[in-house]
Amino acid sequence: MIPAMPVPLSWYLFLSAILFALGVAGFIYRKSAITVFMSIELMLNAVNLSFIAFSYQLRQIDGHIYSFFVMVVAAAEAAVGLAIILAVFRNRGTLQVDEVDTMKL
Amino acid sequence: MNAWLIPVFPLAGFLINGFFGRRMSKSLVNLFAIGSVALSFIYVCVVLARLWPLDTAYVEHNYTWLQSGFLQVGFDLLIDRITAVMLLIVTGVGLLIHIYAIGYMSHEGGYERFFAYFNLFVFFMLILVLASNLLLLFVGWEGVGLCSYLLIGFYFHDNYSSYSANKAFIVNRIGDFGFLLGIFLVLATFKTLDFGKIAAAVSTMPVETGAGMLTMITLLLLAGATGKSAQIPLYVWLPDAMAGPTPVSALIHAATMVTAGVYMIARLSFLYDHAPLAMKVVAVIGVLTACYAGTIGVVQNDIKKVYAYSTISQLGYMFLGVGLGAYAAGIFHLMTHAFFKALLFLGAGSVIHGLAGEQDLRHMGGLRKFMPITWATLLCASLAISGFPFFSGFYSKDAILSVAYSRAPWMFWLGAVTAGITAFYVFRAFFLAFYGTYRGHQHPHESPRVMTIPLIILAILSVGGGYIPVLRWLSGPSPEVALENRTAMIISVAFGILGILAAWLVYVARPALAETLQSAAGPLYTLVFNKYYVDEIYQATVVRPLQSLSRLLLWRGVEEAIIDNSFVNGLARAVRNFGGLLRWLQSGSIRNYATWVLAGSLLVIFVIGLAGGAR
Amino acid sequence: MDTILFIICAIVAILSALNMIVQTHPISSALSLIGVMAALAVLYLLLGAEFLAMAQMFVYAGAVMVLFVFVIMLLNAGAEKASRKSWFAQVAGLPLVLAFIGVMVFLTKAALPPFRAVEFGSWVGGSAYNIGHLLFTTYLLPFEVISVLVLIAIIGAVVLARKEID
């Protein structure tokens with residue numbers, strides 16, 4: 001059994017950083033548009049964790065409010081973004097992000 | 001006194017005819033052209049009457065042109081006795097030639113342009129003559145060169161005319177380079193360009209025995225004079241300058257512009273008196289050119305070319321005169337030469353006009369009965385130039401040869417022989433044109449009065465010009481050597497008459513003799529006929545290497561390779577390559593963009609962290 | 001107890017996130033993401049944010065992820081294919097991400113003041129009452145604006161995704 005020592009808040013921040021980095025890695029390395037979108041959601045979640053951790057630290061509830069707003073915006077963004085992916089799929093016939101690259105020199 | 005009005009009248013004529021001439025009627029153009037020179041002539045007489053007897057020079061200070069450090073140059077005008085003579089020649093003879101040109105150019109295109117350029121020339125010549133400092137003189141010097149170029153190339157559609165105009169200007173430019181160097185040296189030595197101040201400074205300096213600063217200055221200025229006055233080695237432009245209309249040849253290349261070199265040496269006599277080595281060079285160049293040009297003139301077939309070589313030859317006499325220190329004699333000969341040479345050219349122009357453009361002596365003959373006035377006036381001129389007793393040329397040439405007889409006998413003998421050659425070729429042209437039977441196909445006729453009246457006036461001056469007491473008037477301030485020497489006079493007259501008789505013999509009495517002599521001379525004749533191949537030598541040694549150098553080194557090497565390719569194109573290429581590099585950033589791939597964003601944000605965090613922002 | 005819970009949830013979150021990245025088929029990635037969100041909800045609860053934990057489950061895991069799954073089914077998204085484009089991302093991505101983690105960790109450790117220890121129940125300020133109170137007083141304007149934003153998002157989604165009727 002692990003001794004019940006209290007968890008310092010910094011561990012939450014480390015976790016947030018790692019999740020964010022994993023989200024970035026997903027964005028960079030995945031090719032399907034929907035998976036890229038999911039990586040964005042992961043990044044937003046990591047930021048939420050960070051807000052709530054700091055809110056706990058400062059014993060103020062404003063962090064929760066920010067987190068709340070982030071959630072709302074993420075939901076709205078998910079809706080619109082998926083609609084865009086739909087439109088792109090209809091026009092290009094592919095969901096691979098690498099294939100949608102005609103805006104180049 | 002407003003002496004500046006003298007050159008301004010012809011300038012006004014140039015501006016009016018130049019800008020508005022196209023829209024004016026011919027008589028209006030004539031009015032402005034002739035009127036401006038006439039006004040100038042009248043005003044010259046008025047000024048000289050007021051300044052009489054001109055014991056001291058009259059200096060007029062006008063607007064200050066340059067004021068920089070110790071250099072101060074203004075539009076200052078100087079009138080002394082030499083200037084007075086030159087002023088009368090330029091405006092007087094110029095006026096007569098302007099009147100003549102009305103008749104000569106009446107059928108030519110570009111009428112107003114011709115008179116505009118003619119007036120501009122008179123303006124610049126007057127500036128040259130009136131200048132009180134070297135810079136203003138140089139302005140006039142260059143200006144007459146420009147007008148010479150414009151007028152020689154008047155028929156600019158003709159390739160030969162353009163070529164001759166270019167040749168005149170470029171060869172003059174070479175001389176002017178030496179002239180400029182001379183001016184710079186004067187500035188460095190005397191810190192001023194004003195004639196009066198230089199004369200005052202030089203009078204305190206000793207006479208240079210060998211080569212010194214004054215000799216260098218005078219020799220460089222002489223280089224410019226050989227270009228402008230067509231002496232060896234820069235005479236090659238004058239025969240080709242005959243491509244221009246005949247009044248141009250009369251005014252510019254006989255009476256006025258080509259005498260600028262002689263005038264300059266006479267004006268700067270205070271410098272030349274202190275550099276005997278340079279004087280010797282002047283005299284030697286003069287006498288050699290006189291003889292050399294005379295020999296070429298003997299075998300020419302174009303009447304204007306004959307007179308061109310005679311101009312070079314007579315200018316040689318003037319150089320001989322001033323080179324021997326006889327400045328008054330040189331100017332005197334300049335004056336009489338203006339009379340009879342202008343008359344010779346105008347007469348030739350009358351002949352050409354009457355023959356509808358024919359200039360070859362071999363196609364003339366027996367014109368005496370067709371053009372009596374031209375015949376009579378040309379006879380006066382030919383006698384004057386041959387030094388026939390009691391004509392004007394006799395007195396002036398005798399003045400120079402007398403000085404030569406006592407100072408440098410070999411120059412005297414060379415000059416006397418040249419007098420004989422001069423008489424020979426001048427009368428050769430005269431006899432070939434006016435005696436015998438007509439060998440051409442035109443309808444010869446006498447010229448209109450507007451052309452013959454100036455001929456008559458000039459003939460009177462050629463005959464009586466020797467009696468104007470110019471010599472005594474000019475040599476008043478500075479002492480001259482004995483101006484008359486019986487022996488010299490007799491010898492030179494003898495040579496002259498011999499020449500006339502020889503020409504009579506060969507061309508009138510026994511015409512077949514000309515052919516025999518020509519074939520007997522054989523290769524010598526070919527050599528002289530081709531002007532000793534000097535033009536070809538210049539072309540091969542100077543012109544062609546310079547052109548190749550310019551083309552290969554300067555054009556291909558510097559212009560194309562260095563400036564174009566490295567700098568101009570190179571900069572463009574560098575920008576394009578850099579842009580090409582940046583292009584790879586716009587790949588269109590979202591993942592690449594995200595990676596760049598990550599890298600950028602990492603950099604920003606790093607920098608903020610370094611700057612202590614995390615605190 | 002808190003420690004064990006934290007460790008378990010952290011490991012679940014990280015493993016699910018890794019799985020999300022590694023899987024080729026999007027549906028597997030979506031299900032892994034749901035796992036992440038569930039773990040995060042527990043972590044929120046540990047941090048005393050009860051309202052937000054519930055909001056996380058309802059909104060994120062319940063609505064957003066379901067939306068994702070719907071779209072995957074609609075588009076019949078298949079497994080990813082390999083691609084040779086975007087070589088810069090392939091090459092420089094991993095080092096940069098690792099550098100990013102390093103910088104964040106370093107900054108957290110070195111630059112920030114010492115943190116509290118987290119004990120479940122030591123702070124109960126995250127109740128719905130508190131959030132509602134703050135939301136409708138201090139943050140009233142953002143609240144109203146957010147509602148407009150949601151409206152815009154709805155309209156936008158409908159417009160973007162409809163079929164053109166010829």
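Predicted model: local features only at pLDDT ≥ 70, side-chain atom pairs only at ≥ 80, totals over all residues.
Me: Which residues of helix 21 of chain B make the contact with helix 17 of chain B?
Reply: Residues are numbered from 1 along each chain as its sequence is written, and chains are lettered from A and ligands numbered from 1 in the order in which they are written. Two residues are in contact if their C-beta atoms, placed from the backbone, lie within 7 Å. On the side of helix 17 of chain B the contact is made by K397(B), D398(B), L401(B), S402(B) and Y405(B), and on the side of helix 21 of chain B by T487(B), A488(B), M489(B) and S492(B).

Me: Is helix 8 of chain B roughly parallel or roughly antiparallel to helix 11 of chain B?
Reply: Helix 8 (residues 213–228) and helix 11 (residues 260–267) of chain B have axes 8 Å apart and pack at an angle of about 155°. That angle makes the relation of helix 8 of chain B to helix 11 of chain B roughly antiparallel.

Me: Which residues of helix 11 of chain B meet helix 8 of chain B?
Reply: The residues of this contact divide by class into five nonpolar, two polar and one charged, where Ala, Val, Leu, Ile, Met, Phe, Trp, Tyr, Cys and Pro count as nonpolar, Asp, Glu, Lys and Arg as charged, and the others, Gly among them, as polar. Helix 8 of chain B brings L221(B), A225(B), T226(B) and K228(B), which meet, in helix 11 of chain B, A260(B), G261(B), M264(B) and I265(B).

Me: Is V306(B) buried or exposed?
Reply: V306(B) is found in helix 14 (residues 303–323) of chain B, and, leaving aside neighbours within four places in sequence, V306(B) is in contact with G297(B), Q300(B), Y425(B) and A429(B). A residue is buried if 20 or more other C-beta atoms lie within 10 Å of its own, exposed if 12 or fewer, and partly exposed in between, with C-beta atoms placed from the backbone. Because V306(B) has 26 C-beta neighbours inside 10 Å, V306(B) counts as buried.

Me: Which residues does A55(C) touch, not counting residues up to four places away in sequence?
Reply: A55(C) is found in helix 3 (residues 50–75) of chain C, and A55(C) is buried, with 22 other C-beta atoms within 10 Å. Not counting residues up to four places away in sequence, A55(C) touches F68(A) and M71(A).

Me: What distance separates the centres of domain 1 of chain C and domain 2 of chain C?
Reply: The domain assignment of chain C gives domain 1 (1–78 + 93–125) and domain 2 (127–166), with bounds that come from an automatic or database domain assignment. Four residues of domain 1 of chain C are in contact with four residues of domain 2 of chain C. Taken over C-alpha atoms, the centres of these two domains are separated by 24 Å.

Note on methods. Helix = DSSP H or I, 4+ residues; strand = E, 2+ residues; numbered from the N terminus. Axes fitted to C-alpha atoms, helices over the stretch in contact; angles between N-to-C directions. Parallel < 35°, antiparallel > 145°, perpendicular 65-115°, else oblique.
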